[in-house]
Amino acid sequence: MEEDDLEITNSPPGVQKLSQVPGAPVEKVNPLGHEVTLLSATMLNIGRITGSGIYAVPGVILHSVGSVGMLLTLWVITPFFAYAGLALYCELGAMFPNRSGGEVVYMEQMFPKPKFLIPTTFAFCAVLLSINSVNAVIFTQYFLTSFEMPVTDTRQIVVALAVVSITTLCVAFSTKWSLRIVNLLTILNTISLAFIVITGAAVLLGLTRVPDPIAHFHNPFANTSTNFNALANAMVKASWSFVGWNNAFYMLAEVKGPNPVRTVRKASIISLALTAGLFLFINVAYVAAVPPEEIRNSGQLVAALFFRRVFGDTTTVKLFPLLVALSCFGNIIAVTVTQARMIREVARQGLLPFPRFFAATIPFGTPIGPVALISVLTCLVILVVPAKDAFNFILDVSSYPRLIFQVAMCFGIWRLRNRRSKTGLPPSEFEAKNIYILLFLLQGLFLTLMPWYFYGWISAEPIIHRCNRVPPEPGQADVSFWYATYCVVGIAILVACGIYYWLWIVLLPKLGRYEIVEEIEEQNNGARNVRLVRQYLHEGTEHQPLLL
(Lines give C-alpha, C1' and ligand atoms only; values in the text may rest on other atoms or scores of the structure.)
Protein backbone atom coordinates (compact mmCIF):
# COMPACT_ATOMS: atom_id res chain seq x y z
CA MET A 1 0.00 0.00 0.00
CA GLU A 2 1.37 3.39 -0.96
CA GLU A 3 1.05 6.51 1.15
CA ASP A 4 -1.52 8.11 -1.17
CA ASP A 5 -3.98 5.35 -0.25
CA LEU A 6 -3.98 6.36 3.42
CA GLU A 7 -6.67 8.42 5.14
CA ILE A 8 -5.14 11.46 6.84
CA THR A 9 -6.97 13.12 9.73
CA ASN A 10 -6.51 16.54 11.33
CA SER A 11 -3.61 16.83 13.77
CA PRO A 12 -1.31 19.54 15.12
CA PRO A 13 0.95 21.37 12.60
CA GLY A 14 3.84 19.20 11.42
CA VAL A 15 2.10 16.01 12.54
CA GLN A 16 -0.31 13.95 10.46
CA LYS A 17 -2.31 11.21 12.12
CA LEU A 18 -2.91 8.17 9.93
CA SER A 19 -5.84 5.87 10.26
CA GLN A 20 -3.70 3.07 8.83
CA VAL A 21 0.08 3.10 8.53
CA PRO A 22 1.92 0.25 6.72
CA GLY A 23 5.26 0.88 8.36
CA ALA A 24 7.26 4.02 7.66
CA PRO A 25 5.72 6.69 5.40
CA VAL A 26 7.10 7.12 1.90
CA GLU A 27 9.33 10.19 1.50
CA LYS A 28 8.38 11.92 -1.75
CA VAL A 29 11.67 13.84 -1.70
CA ASN A 30 14.52 11.68 -0.43
CA PRO A 31 16.47 13.78 2.12
CA LEU A 32 19.48 11.51 1.64
CA GLY A 33 19.72 12.35 -2.06
CA HIS A 34 20.50 10.01 -4.97
CA GLU A 35 24.23 9.31 -4.94
CA VAL A 36 24.17 5.59 -5.83
CA THR A 37 25.02 4.62 -9.43
CA LEU A 38 25.55 1.18 -10.97
CA LEU A 39 29.26 1.48 -10.16
CA SER A 40 28.58 2.57 -6.58
CA ALA A 41 26.05 -0.22 -6.06
CA THR A 42 28.50 -2.80 -7.43
CA MET A 43 31.33 -1.46 -5.27
CA LEU A 44 29.08 -1.38 -2.18
CA ASN A 45 28.35 -5.07 -2.68
CA ILE A 46 31.88 -6.13 -3.53
CA GLY A 47 33.30 -3.91 -0.80
CA ARG A 48 31.22 -5.65 1.81
CA ILE A 49 31.70 -9.17 0.44
CA THR A 50 35.48 -8.87 0.11
CA GLY A 51 36.06 -7.07 3.39
CA SER A 52 37.63 -9.70 5.60
CA GLY A 53 35.89 -13.03 5.07
CA ILE A 54 38.14 -14.47 2.38
CA TYR A 55 41.23 -13.48 4.39
CA ALA A 56 39.92 -14.74 7.71
CA VAL A 57 37.57 -17.72 7.48
CA PRO A 58 39.27 -20.41 5.30
CA GLY A 59 41.45 -21.51 8.22
CA VAL A 60 38.46 -21.49 10.59
CA ILE A 61 36.36 -23.48 8.08
CA LEU A 62 39.08 -26.09 7.50
CA HIS A 63 39.45 -26.34 11.27
CA SER A 64 35.76 -27.34 11.43
CA VAL A 65 35.27 -29.52 8.34
CA GLY A 66 38.60 -31.35 8.58
CA SER A 67 39.34 -31.84 4.87
CA VAL A 68 40.47 -29.83 1.86
CA GLY A 69 37.75 -31.38 -0.32
CA MET A 70 34.93 -30.23 1.99
CA LEU A 71 36.54 -26.79 2.30
CA LEU A 72 36.46 -26.28 -1.48
CA THR A 73 32.98 -27.81 -1.76
CA LEU A 74 31.57 -25.16 0.56
CA TRP A 75 33.08 -22.39 -1.59
CA VAL A 76 31.44 -23.94 -4.67
CA ILE A 77 27.90 -24.37 -3.31
CA THR A 78 27.53 -21.29 -1.10
CA PRO A 79 27.21 -18.78 -4.01
CA PHE A 80 24.19 -20.71 -5.31
CA PHE A 81 22.36 -20.10 -2.02
CA ALA A 82 23.34 -16.43 -2.24
CA TYR A 83 21.95 -16.22 -5.77
CA ALA A 84 18.69 -17.78 -4.57
CA GLY A 85 18.49 -15.09 -1.90
CA LEU A 86 19.22 -12.44 -4.54
CA ALA A 87 16.24 -13.60 -6.60
CA LEU A 88 14.04 -13.21 -3.52
CA TYR A 89 15.34 -9.71 -2.77
CA CYS A 90 14.85 -8.57 -6.38
CA GLU A 91 11.19 -9.55 -6.22
CA LEU A 92 10.72 -7.74 -2.91
CA GLY A 93 12.66 -4.70 -4.06
CA ALA A 94 10.45 -4.37 -7.13
CA MET A 95 7.39 -4.41 -4.85
CA PHE A 96 8.75 -1.48 -2.79
CA PRO A 97 11.16 0.43 -5.08
CA ASN A 98 10.93 3.70 -3.12
CA ARG A 99 12.04 2.25 0.20
CA SER A 100 15.55 1.73 1.53
CA GLY A 101 16.29 -0.52 4.50
CA GLY A 102 16.03 -4.01 3.00
CA GLU A 103 14.52 -6.56 5.37
CA VAL A 104 13.14 -3.87 7.67
CA VAL A 105 10.73 -2.86 4.91
CA TYR A 106 9.96 -6.36 3.67
CA MET A 107 9.29 -7.90 7.09
CA GLU A 108 6.87 -5.16 8.12
CA GLN A 109 4.84 -5.82 4.96
CA MET A 110 4.95 -9.61 5.23
CA PHE A 111 3.78 -9.88 8.82
CA PRO A 112 1.54 -6.92 9.74
CA LYS A 113 -0.23 -8.94 12.46
CA PRO A 114 0.10 -9.17 15.41
CA LYS A 115 0.59 -5.45 15.06
CA PHE A 116 4.18 -4.34 15.74
CA LEU A 117 5.39 -7.87 16.68
CA ILE A 118 7.60 -8.78 13.73
CA PRO A 119 8.71 -5.20 12.98
CA THR A 120 9.63 -4.67 16.64
CA THR A 121 11.52 -7.98 16.90
CA PHE A 122 13.40 -7.47 13.65
CA ALA A 123 14.01 -3.80 14.43
CA PHE A 124 15.73 -4.45 17.72
CA CYS A 125 17.69 -7.40 16.34
CA ALA A 126 18.81 -5.17 13.46
CA VAL A 127 19.94 -2.50 15.89
CA LEU A 128 21.66 -4.88 18.31
CA LEU A 129 23.44 -6.75 15.51
CA SER A 130 24.40 -3.73 13.39
CA ILE A 131 27.97 -3.92 14.58
CA ASN A 132 31.28 -3.79 12.71
CA SER A 133 33.30 -5.55 15.39
CA VAL A 134 34.28 -8.50 13.18
CA ASN A 135 35.86 -6.36 10.47
CA ALA A 136 37.43 -4.06 13.05
CA VAL A 137 39.09 -7.09 14.67
CA ILE A 138 40.40 -8.40 11.34
CA PHE A 139 41.64 -4.92 10.42
CA THR A 140 43.55 -4.80 13.69
CA GLN A 141 45.16 -8.23 13.29
CA TYR A 142 46.40 -7.57 9.76
CA PHE A 143 47.38 -3.97 10.54
CA LEU A 144 49.57 -5.04 13.45
CA THR A 145 50.97 -7.95 11.43
CA SER A 146 52.02 -5.59 8.64
CA PHE A 147 54.19 -3.69 11.14
CA GLU A 148 55.43 -6.93 12.72
CA MET A 149 53.81 -6.08 16.07
CA PRO A 150 52.47 -8.88 18.28
CA VAL A 151 48.66 -9.05 18.34
CA THR A 152 47.97 -8.63 22.06
CA ASP A 153 44.52 -8.18 23.60
CA THR A 154 45.22 -4.55 24.53
CA ARG A 155 46.55 -3.60 21.10
CA GLN A 156 43.64 -5.33 19.39
CA ILE A 157 41.10 -3.38 21.44
CA VAL A 158 42.83 0.01 21.07
CA VAL A 159 43.36 -0.22 17.30
CA ALA A 160 39.86 -1.61 16.72
CA LEU A 161 38.30 1.29 18.64
CA ALA A 162 40.41 3.77 16.67
CA VAL A 163 39.39 2.43 13.25
CA VAL A 164 35.71 2.39 14.25
CA SER A 165 35.97 6.03 15.29
CA ILE A 166 37.64 7.09 12.03
CA THR A 167 35.17 5.26 9.77
CA THR A 168 32.25 6.65 11.78
CA LEU A 169 33.41 10.21 11.12
CA CYS A 170 33.77 9.49 7.38
CA VAL A 171 30.20 8.18 7.04
CA ALA A 172 28.72 10.87 9.31
CA PHE A 173 30.13 13.78 7.30
CA SER A 174 29.48 12.76 3.68
CA THR A 175 27.70 9.97 1.83
CA LYS A 176 29.29 10.98 -1.48
CA TRP A 177 32.85 10.81 -0.13
CA SER A 178 32.11 7.62 1.81
CA LEU A 179 31.03 5.97 -1.45
CA ARG A 180 34.15 7.28 -3.19
CA ILE A 181 36.36 5.80 -0.50
CA VAL A 182 34.51 2.49 -0.82
CA ASN A 183 34.93 2.56 -4.62
CA LEU A 184 38.68 3.24 -4.40
CA LEU A 185 39.45 0.67 -1.71
CA THR A 186 37.22 -1.96 -3.33
CA ILE A 187 39.00 -1.60 -6.67
CA LEU A 188 42.34 -1.88 -4.87
CA ASN A 189 41.14 -4.92 -2.95
CA THR A 190 39.81 -6.63 -6.09
CA ILE A 191 43.22 -6.20 -7.72
CA SER A 192 44.80 -7.73 -4.60
CA LEU A 193 42.45 -10.73 -4.78
CA ALA A 194 43.22 -11.21 -8.46
CA PHE A 195 46.93 -11.12 -7.58
CA ILE A 196 46.39 -13.96 -5.08
CA VAL A 197 44.67 -16.01 -7.81
CA ILE A 198 47.54 -15.38 -10.24
CA THR A 199 50.07 -16.23 -7.54
CA GLY A 200 48.16 -19.45 -6.81
CA ALA A 201 48.32 -20.38 -10.49
CA ALA A 202 52.07 -19.81 -10.44
CA VAL A 203 52.34 -22.06 -7.38
CA LEU A 204 50.40 -24.87 -9.08
CA LEU A 205 52.59 -24.55 -12.19
CA GLY A 206 55.72 -24.96 -10.06
CA LEU A 207 57.01 -21.46 -10.72
CA THR A 208 57.54 -20.55 -7.05
CA ARG A 209 59.57 -21.75 -4.07
CA VAL A 210 56.67 -23.97 -2.83
CA PRO A 211 57.65 -27.66 -3.22
CA ASP A 212 55.13 -30.16 -4.66
CA PRO A 213 51.97 -27.98 -4.50
CA ILE A 214 49.75 -30.77 -5.85
CA ALA A 215 50.49 -32.95 -2.81
CA HIS A 216 47.97 -31.08 -0.66
CA PHE A 217 45.14 -32.11 -3.00
CA HIS A 218 45.78 -35.85 -2.73
CA ASN A 219 42.88 -37.73 -1.12
CA PRO A 220 41.00 -34.42 -0.61
CA PHE A 221 38.12 -35.75 1.52
CA ALA A 222 40.27 -37.64 4.01
CA ASN A 223 39.50 -36.71 7.64
CA THR A 224 36.23 -34.98 6.73
CA SER A 225 34.27 -34.30 9.90
CA THR A 226 30.97 -36.14 10.33
CA ASN A 227 29.82 -33.81 13.10
CA PHE A 228 26.80 -31.86 11.90
CA ASN A 229 27.39 -29.01 14.31
CA ALA A 230 30.90 -28.48 12.98
CA LEU A 231 29.71 -28.66 9.36
CA ALA A 232 26.88 -26.21 9.98
CA ASN A 233 29.27 -23.87 11.76
CA ALA A 234 31.63 -23.99 8.78
CA MET A 235 28.79 -23.24 6.37
CA VAL A 236 27.79 -20.24 8.49
CA LYS A 237 31.34 -18.92 8.03
CA ALA A 238 31.28 -19.50 4.26
CA SER A 239 27.84 -17.87 3.95
CA TRP A 240 29.02 -14.92 6.03
CA SER A 241 31.89 -14.42 3.57
CA PHE A 242 29.30 -13.68 0.86
CA VAL A 243 27.21 -11.37 3.02
CA GLY A 244 26.95 -8.19 1.00
CA TRP A 245 25.40 -9.46 -2.24
CA ASN A 246 22.28 -7.58 -1.06
CA ASN A 247 24.10 -4.54 0.36
CA ALA A 248 22.85 -2.07 -2.26
CA PHE A 249 19.22 -2.96 -1.48
CA TYR A 250 19.60 -1.08 1.79
CA MET A 251 20.05 2.12 -0.27
CA LEU A 252 17.45 1.36 -2.94
CA ALA A 253 15.68 4.73 -2.62
CA GLU A 254 19.00 6.53 -3.22
CA VAL A 255 19.79 4.83 -6.54
CA LYS A 256 19.89 7.05 -9.62
CA GLY A 257 17.89 6.26 -12.73
CA PRO A 258 14.33 5.35 -13.70
CA ASN A 259 14.52 1.73 -12.52
CA PRO A 260 16.60 1.45 -9.32
CA VAL A 261 15.72 -2.22 -8.80
CA ARG A 262 17.11 -3.16 -12.21
CA THR A 263 20.30 -1.25 -11.42
CA VAL A 264 20.73 -2.94 -8.03
CA ARG A 265 19.90 -6.35 -9.48
CA LYS A 266 22.57 -5.96 -12.16
CA ALA A 267 25.09 -4.75 -9.58
CA SER A 268 24.33 -7.71 -7.31
CA ILE A 269 24.73 -10.29 -10.07
CA ILE A 270 28.04 -8.77 -11.19
CA SER A 271 29.42 -8.62 -7.66
CA LEU A 272 28.30 -12.14 -6.72
CA ALA A 273 29.66 -13.75 -9.90
CA LEU A 274 33.00 -11.95 -9.61
CA THR A 275 33.56 -12.72 -5.93
CA ALA A 276 32.39 -16.35 -6.22
CA GLY A 277 35.05 -17.04 -8.86
CA LEU A 278 37.77 -15.17 -6.98
CA PHE A 279 36.99 -16.84 -3.63
CA LEU A 280 37.07 -20.37 -5.03
CA PHE A 281 40.42 -19.92 -6.77
CA ILE A 282 41.88 -18.09 -3.77
CA ASN A 283 41.11 -21.09 -1.59
CA VAL A 284 42.75 -23.34 -4.18
CA ALA A 285 45.78 -21.04 -3.97
CA TYR A 286 45.83 -21.25 -0.16
CA VAL A 287 45.72 -25.06 -0.23
CA ALA A 288 48.39 -25.28 -2.93
CA ALA A 289 50.87 -23.12 -1.00
CA VAL A 290 50.16 -23.91 2.64
CA PRO A 291 49.97 -27.38 4.25
CA PRO A 292 46.40 -28.07 5.52
CA GLU A 293 47.57 -28.41 9.11
CA GLU A 294 49.06 -24.91 9.02
CA ILE A 295 45.84 -23.53 7.49
CA ARG A 296 43.83 -25.09 10.35
CA ASN A 297 46.03 -23.40 12.92
CA SER A 298 46.28 -20.04 11.13
CA GLY A 299 43.20 -18.54 12.79
CA GLN A 300 42.30 -15.39 10.86
CA LEU A 301 45.76 -14.88 9.33
CA VAL A 302 45.75 -17.48 6.54
CA ALA A 303 46.38 -14.85 3.81
CA ALA A 304 49.50 -13.58 5.58
CA LEU A 305 50.70 -17.17 5.95
CA PHE A 306 50.10 -17.78 2.23
CA PHE A 307 52.33 -14.89 1.16
CA ARG A 308 55.04 -15.84 3.61
CA ARG A 309 55.11 -19.40 2.21
CA VAL A 310 55.29 -18.16 -1.38
CA PHE A 311 57.59 -15.13 -1.13
CA GLY A 312 59.47 -15.67 2.11
CA ASP A 313 60.37 -12.70 4.32
CA THR A 314 60.21 -10.00 1.65
CA THR A 315 58.68 -6.55 1.28
CA THR A 316 55.66 -8.12 -0.47
CA VAL A 317 54.85 -10.14 2.63
CA LYS A 318 55.01 -7.05 4.81
CA LEU A 319 52.93 -4.97 2.39
CA PHE A 320 50.11 -7.43 1.78
CA PRO A 321 48.65 -7.46 5.33
CA LEU A 322 48.38 -3.67 5.05
CA LEU A 323 46.33 -4.09 1.86
CA VAL A 324 44.05 -6.51 3.71
CA ALA A 325 43.67 -3.95 6.51
CA LEU A 326 42.70 -1.28 3.95
CA SER A 327 40.13 -3.70 2.53
CA CYS A 328 38.62 -4.11 5.99
CA PHE A 329 38.60 -0.33 6.38
CA GLY A 330 36.56 0.03 3.20
CA ASN A 331 34.29 -2.80 4.31
CA ILE A 332 33.54 -1.07 7.62
CA ILE A 333 32.53 2.08 5.75
CA ALA A 334 30.36 0.10 3.28
CA VAL A 335 28.60 -1.71 6.13
CA THR A 336 28.12 1.46 8.18
CA VAL A 337 26.62 3.34 5.24
CA THR A 338 24.01 0.65 4.54
CA GLN A 339 23.29 -0.44 8.12
CA ALA A 340 22.63 3.19 9.01
CA ARG A 341 19.87 3.18 6.39
CA MET A 342 18.35 0.09 7.95
CA ILE A 343 18.35 1.66 11.41
CA ARG A 344 16.91 4.88 9.99
CA GLU A 345 14.01 2.89 8.51
CA VAL A 346 13.49 1.28 11.91
CA ALA A 347 13.28 4.75 13.44
CA ARG A 348 10.93 5.95 10.70
CA GLN A 349 8.58 3.12 11.70
CA GLY A 350 8.48 4.65 15.18
CA LEU A 351 10.12 1.61 16.74
CA LEU A 352 13.10 3.40 18.32
CA PRO A 353 13.13 5.97 21.10
CA PHE A 354 13.41 9.53 19.73
CA PRO A 355 12.41 8.54 16.16
CA ARG A 356 12.67 12.13 14.93
CA PHE A 357 16.34 12.26 15.95
CA PHE A 358 17.24 8.93 14.32
CA ALA A 359 15.30 9.77 11.12
CA ALA A 360 16.91 13.22 10.77
CA THR A 361 19.51 13.85 8.07
CA ILE A 362 20.80 17.25 9.14
CA PRO A 363 23.27 18.95 9.05
CA PHE A 364 25.27 16.92 6.49
CA GLY A 365 22.52 15.04 4.64
CA THR A 366 23.54 11.81 6.38
CA PRO A 367 21.79 9.72 9.07
CA ILE A 368 24.09 10.82 11.89
CA GLY A 369 21.96 9.29 14.67
CA PRO A 370 22.06 5.72 13.27
CA VAL A 371 25.77 6.06 12.41
CA ALA A 372 26.55 7.10 15.98
CA LEU A 373 24.46 4.24 17.37
CA ILE A 374 26.32 1.68 15.25
CA SER A 375 29.62 3.10 16.47
CA VAL A 376 28.65 2.94 20.14
CA LEU A 377 27.36 -0.65 19.89
CA THR A 378 30.46 -1.75 17.98
CA CYS A 379 32.79 -0.25 20.57
CA LEU A 380 30.86 -1.88 23.42
CA VAL A 381 31.15 -5.32 21.82
CA ILE A 382 34.89 -4.83 21.20
CA LEU A 383 35.35 -3.97 24.88
CA VAL A 384 33.14 -6.76 26.29
CA VAL A 385 33.92 -9.88 24.22
CA PRO A 386 37.26 -11.63 24.99
CA ALA A 387 39.74 -10.63 22.30
CA LYS A 388 40.78 -14.17 21.38
CA ASP A 389 37.15 -15.23 20.77
CA ALA A 390 35.91 -11.92 19.34
CA PHE A 391 35.95 -12.86 15.64
CA ASN A 392 34.19 -16.24 15.79
CA PHE A 393 31.73 -15.43 18.56
CA ILE A 394 30.56 -12.08 17.14
CA LEU A 395 30.22 -13.57 13.66
CA ASP A 396 28.14 -16.52 14.91
CA VAL A 397 25.89 -14.48 17.21
CA SER A 398 25.15 -11.90 14.52
CA SER A 399 24.39 -14.64 11.98
CA TYR A 400 21.96 -16.78 14.00
CA PRO A 401 18.95 -14.39 14.30
CA ARG A 402 19.42 -13.41 10.66
CA LEU A 403 19.09 -17.06 9.66
CA ILE A 404 15.77 -17.26 11.51
CA PHE A 405 14.57 -14.14 9.69
CA GLN A 406 15.79 -15.67 6.43
CA VAL A 407 13.42 -18.59 6.99
CA ALA A 408 10.58 -16.19 7.87
CA MET A 409 11.14 -14.15 4.71
CA CYS A 410 10.88 -17.26 2.53
CA PHE A 411 7.42 -17.96 3.94
CA GLY A 412 6.57 -14.27 3.91
CA ILE A 413 7.13 -13.84 0.17
CA TRP A 414 4.36 -16.33 -0.53
CA ARG A 415 2.06 -14.41 1.81
CA LEU A 416 2.79 -11.17 -0.03
CA ARG A 417 2.16 -12.77 -3.40
CA ASN A 418 -1.18 -14.11 -2.21
CA ARG A 419 -2.20 -10.74 -0.75
CA ARG A 420 -1.25 -8.87 -3.92
CA SER A 421 -3.18 -11.36 -6.03
CA LYS A 422 -6.32 -10.93 -3.92
CA THR A 423 -6.14 -7.13 -4.23
CA GLY A 424 -5.64 -7.27 -8.01
CA LEU A 425 -2.03 -6.05 -8.01
CA PRO A 426 0.24 -7.48 -10.74
CA PRO A 427 3.17 -9.77 -9.88
CA SER A 428 6.53 -8.22 -9.13
CA GLU A 429 8.62 -7.27 -12.17
CA PHE A 430 11.34 -9.67 -10.98
CA GLU A 431 9.27 -12.51 -9.54
CA ALA A 432 11.56 -15.23 -8.17
CA LYS A 433 11.14 -18.85 -9.17
CA ASN A 434 9.86 -21.02 -6.34
CA ILE A 435 12.90 -23.28 -6.65
CA TYR A 436 15.10 -20.34 -5.60
CA ILE A 437 12.91 -19.56 -2.62
CA LEU A 438 12.96 -23.22 -1.56
CA LEU A 439 16.75 -23.33 -1.90
CA PHE A 440 17.12 -20.21 0.25
CA LEU A 441 14.63 -21.66 2.75
CA LEU A 442 16.49 -24.99 3.00
CA GLN A 443 19.77 -23.21 3.67
CA GLY A 444 18.18 -21.16 6.44
CA LEU A 445 16.58 -24.23 8.03
CA PHE A 446 19.78 -26.26 7.81
CA LEU A 447 21.96 -23.62 9.43
CA THR A 448 19.33 -22.84 12.08
CA LEU A 449 18.62 -26.42 13.13
CA MET A 450 21.93 -28.23 12.64
CA PRO A 451 23.64 -26.79 15.74
CA TRP A 452 20.91 -28.57 17.75
CA TYR A 453 21.00 -31.73 15.65
CA PHE A 454 21.15 -35.10 17.40
CA TYR A 455 24.26 -36.65 15.99
CA GLY A 456 23.60 -40.05 14.38
CA TRP A 457 19.84 -39.47 13.97
CA ILE A 458 19.77 -40.97 10.48
CA SER A 459 21.92 -43.98 11.38
CA ALA A 460 20.67 -47.49 12.06
CA GLU A 461 21.58 -47.34 15.75
CA PRO A 462 18.90 -47.83 18.42
CA ILE A 463 16.97 -44.63 19.06
CA ILE A 464 18.38 -44.27 22.59
CA HIS A 465 21.84 -43.89 21.07
CA ARG A 466 20.65 -41.52 18.35
CA CYS A 467 19.46 -39.04 20.96
CA ASN A 468 22.90 -38.67 22.51
CA ARG A 469 23.97 -35.45 20.82
CA VAL A 470 27.69 -35.34 20.28
CA PRO A 471 29.38 -31.93 20.59
CA PRO A 472 32.14 -30.89 18.18
CA GLU A 473 35.13 -33.16 18.38
CA PRO A 474 38.10 -31.90 20.41
CA GLY A 475 39.72 -28.99 18.62
CA GLN A 476 36.80 -28.36 16.25
CA ALA A 477 34.93 -25.81 18.36
CA ASP A 478 35.87 -22.28 17.30
CA VAL A 479 35.58 -20.57 20.70
CA SER A 480 37.23 -21.30 24.04
CA PHE A 481 33.89 -21.59 25.89
CA TRP A 482 30.78 -23.73 25.25
CA TYR A 483 30.55 -24.20 21.47
CA ALA A 484 26.77 -23.53 21.18
CA THR A 485 26.76 -20.31 23.20
CA TYR A 486 26.08 -18.29 20.05
CA CYS A 487 22.83 -20.20 19.43
CA VAL A 488 21.62 -19.56 22.97
CA VAL A 489 22.56 -15.88 22.78
CA GLY A 490 20.85 -15.51 19.39
CA ILE A 491 17.65 -17.10 20.66
CA ALA A 492 17.86 -15.10 23.90
CA ILE A 493 17.89 -11.89 21.84
CA LEU A 494 14.70 -13.00 20.05
CA VAL A 495 13.04 -14.02 23.33
CA ALA A 496 13.97 -10.70 24.90
CA CYS A 497 12.35 -8.93 21.94
CA GLY A 498 9.20 -11.00 22.46
CA ILE A 499 9.06 -10.14 26.17
CA TYR A 500 9.63 -6.48 25.40
CA TYR A 501 6.81 -6.56 22.82
CA TRP A 502 4.40 -8.18 25.30
CA LEU A 503 5.16 -5.61 27.97
CA TRP A 504 5.05 -2.63 25.61
CA ILE A 505 2.12 -3.53 23.31
CA VAL A 506 -0.04 -5.84 25.43
CA LEU A 507 0.42 -5.43 29.18
CA LEU A 508 1.14 -1.72 29.69
CA PRO A 509 -1.69 -0.47 27.41
CA LYS A 510 -4.10 -2.81 29.20
CA LEU A 511 -3.03 -1.60 32.65
CA GLY A 512 -2.91 2.05 31.57
CA ARG A 513 -6.20 1.92 29.62
CA TYR A 514 -4.76 3.34 26.44
CA GLU A 515 -4.05 2.20 22.89
CA ILE A 516 -1.04 2.92 20.72
CA VAL A 517 -1.66 5.05 17.64
CA GLU A 518 0.70 6.26 14.95
CA GLU A 519 1.33 9.80 13.79
CA ILE A 520 3.53 11.10 10.98
CA GLU A 521 6.07 13.78 11.76
CA GLU A 522 7.27 16.03 8.95
CA GLN A 523 10.78 17.49 9.07
CA ASN A 524 11.96 20.59 7.22
CA ASN A 525 14.11 18.79 4.64
CA GLY A 526 11.47 16.25 3.59
CA ALA A 527 12.35 13.55 6.13
CA ARG A 528 9.29 11.80 7.54
CA ASN A 529 8.85 9.39 10.41
CA VAL A 530 6.12 7.75 12.44
CA ARG A 531 5.79 8.62 16.10
CA LEU A 532 3.96 6.18 18.39
CA VAL A 533 1.75 7.86 20.98
CA ARG A 534 -0.66 6.83 23.72
CA GLN A 535 -4.34 7.48 23.07
CA TYR A 536 -6.20 7.06 26.35
CA LEU A 537 -9.59 5.43 26.19
CA HIS A 538 -11.41 8.12 28.21
CA GLU A 539 -12.39 11.42 26.61
CA GLY A 540 -10.49 14.69 26.81
CA THR A 541 -6.95 13.33 27.18
CA GLU A 542 -4.24 14.62 24.85
CA HIS A 543 -1.92 12.23 23.07
CA GLN A 544 1.35 11.56 24.84
CA PRO A 545 4.57 10.31 23.19
CA LEU A 546 5.24 6.64 23.81
CA LEU A 547 8.62 6.07 25.42
CA LEU A 548 9.98 2.73 24.22
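This is a predicted model: local features need pLDDT of at least 70, side-chain atom pairs count only at pLDDT 80 or more; totals for chains, interfaces and linings use all residues.

**Notebook: a walk through the chain**

I began with burial, and 57% of the 548 residues in the protein chain are buried.

Next I checked the secondary structure and found 19 helices and five strands in the protein chain. I then turned to contacts with a separation of 6 or more, where residues 24 or more positions apart account for 78%. For the surface, I noted that the protein chain exposes about 22500 Å², with 66% of it supplied by carbon and sulfur atoms.

**Thr199**

I picked Thr199, which sits in helix H8 (residues 175-204). Is Thr199 buried or exposed? Its relative accessibility is 5%, so I put it down as buried, the cut-off being under 20%. I found a polar atom of the Thr199 side chain 2.7 Å from the backbone oxygen of Phe195. Setting aside neighbours within four places in sequence, I listed Phe306, Val310 and Phe311 as contacts of Thr199.

**Strands E3 and E4**

I moved on to strand E3 (residues 514-522), which is mostly covered, with seven of its nine residues buried. E3 runs antiparallel to strand E4 (residues 528-536), and I noted nine bridges joining them. Across this pairing, I saw Glu518 opposite Leu532 in E4.

**A patch on the surface**

Last, I looked for nonpolar side chains on the surface. Which residues form a nonpolar patch there? I wrote down Ile491, Val495, Ile499, Trp502, Leu503 and Val506, with about 500 Å² of accessible area together. One of them, Ile499, lies in helix H19 (residues 485-512).

Technical notes: Residues are numbered from 1 along each chain as its sequence is written. Side-chain values use heavy atoms; hydrogens and water are left out. Patches are made of residues with over 30% relative accessible area and no salt bridge: like charges are joined within 9 Å, nonpolar side chains (Val, Leu, Ile, Met, Phe, Trp, Tyr) within 5 Å. Accessible areas come from the Shrake-Rupley method with a 1.4 Å probe; for residues, only the protein chains shown count as cover. A salt bridge is a side-chain nitrogen of Lys or Arg within 4 Å of a carboxyl oxygen of Asp or Glu. Helices (H or I, at least four residues) and strands (E, at least two) are DSSP runs, numbered from the N terminus. Buried means under 20% relative accessible area, exposed over 50%, partly exposed in between (1.4 Å probe, protein chains only). Contact means heavy atoms within 4.5 Å. Two strands pair if DSSP finds at least two bridges between them. A polar contact is a pair of N or O atoms within 3.5 Å; within protein, one must be able to donate a hydrogen and the other to accept it, and residues adjacent in sequence count only if both atoms are side-chain atoms.
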